[in-house]
Amino acid sequence: WDSFFENDPFDFSVSASPSSGIVVQAREINASVNVGLVSGSSQNVSLTQTGCPTGASCFFTPSSGNPTFTSTFMVATSSSTPAGSYLITVNGTGAGLSRTAAYNVTVTDSLPLASLTAAPTSGIAPLTVNFTGGVAGGDAPITYLCFKDGSNSGQQNPQHTFISAGAYNISFTATDFDGDSSSTSIIITVN
């Protein structure tokens, strides 16, 4: 039976496992591409793809081999990769044959929503104010920037002492992993 199998013409199969995945913008996702020997003597099969999302890189490691072998297929998105669902066709070619497998990738983007509270919001100089910054959504990690009276802080919950009287418009910005940002502000009145 083995010699009969080896005398058959070369044939192979291509499959992706899992066949779908979800990835956040500016991150990457992997799948295993299995190239199996169906019949005949093993010959080199090269892997390519079509349908890679805009702004993403799609590649195989390794990109060829003799079945049976497994390759890691990576989809590396960028912050400019549009959110949505994409059908990527994995192509295996070798010895004049072509076999395909489908891989569905969904690119998501969770936008941050910044919030800011302060206590107290008014008082007599010197006035020490505790700020509490918050963010809903966004793709971690999140960075923060709070602007005050000519100074700023990268902390989520900064404390600041206002020395001079005036009305200060305090701006708080939360920026997520893939560059999306949201800002809010609050007025601090110092007498």
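Let's start with Asp11: its relative accessibility is 21%, so Asp11 counts as partly exposed. That label covers the range between buried (under 20% relative accessible area) and exposed (over 50%), worked out with a 1.4 Å probe on protein chains only. Keep in mind that this is a predicted model, where local features need pLDDT of at least 70 and side-chain atom pairs count only at pLDDT 80 or more, while totals for chains, interfaces and linings use all residues. Residues are numbered from 1 along each chain as its sequence is written, and side-chain values use heavy atoms, with hydrogens and water left out.

What does the side chain of Asp11 meet in a salt bridge? The partner is Arg99, at 2.8 Å from N to O. A salt bridge here is a side-chain nitrogen of Lys or Arg within 4 Å of a carboxyl oxygen of Asp or Glu, and the structure holds one of them. Asp11 sits in strand E1 and Arg99 in strand E9 (residues 97–108), so the pair ties together parts that are 88 residues apart in sequence. Arg99 is partly exposed too, at 29% relative accessibility. Strands, by the way, are DSSP runs of E with at least two residues, numbered from the N terminus.

Now for the sheet. Four strands line up in the order E1-E3-E7-E5, making an open sheet with antiparallel pairing. E1 (11–17) and E5 (57–61) are the edge strands with a single partner each, so one side of each has no neighbour in the sheet. From one strand to the next, the twist averages 25°; the angles are taken between N-to-C directions of lines fitted to C-alpha atoms, and run from 0 to 180 degrees. Two strands pair when DSSP finds at least two bridges between them. Here is how the pairs come out:

| Strand pair | Sense | Bridges |
|---|---|---|
| E1 and E3 (residues 28–39) | antiparallel | seven bridges |
| E3 and E7 | antiparallel | eight bridges |
| E5 and E7 (residues 69–76) | antiparallel | five bridges |

Some residues let you trace the sheet across. Which residue of E3 stands opposite Asp11? That's Ser39. Further along, Ser32 stands opposite Thr72 in E7, and Thr72 is also the bridge partner of Thr61.

With a relative accessible area of 11%, Ser39 is buried. A polar atom of the Ser39 side chain lies 2.7 Å from the backbone oxygen of Pro9.

What about disulfides? A disulfide is a covalent bond between the sulfur atoms of two cysteines; here the test is a pair of cysteine sulfur atoms within 2.5 Å. By that rule the count is one, joining Cys52 to Cys58 with an S to S distance of 2.1 Å. The torsion about the S-S bond is about 85°, so the disulfide is right-handed. Is each end buried or partly exposed? Cys52 is partly exposed at 24% relative accessibility, whereas Cys58 is buried at 15%.

One last stop is Asn152, found in strand E14 (residues 152–153). Asn152 is partly exposed, with a relative accessible area of 48%. Leaving aside residues up to four places away in sequence, Asn152 touches Leu145, Cys146 and Phe147, where contact means heavy atoms within 4.5 Å. The C-alpha atoms of Asn152 and Phe172 are separated by 9.7 Å, with the two residues 20 apart along the chain.

Methods
Polar contact = N/O pair within 3.5 Å; in protein donor to acceptor, adjacent residues only side chain to side chain.
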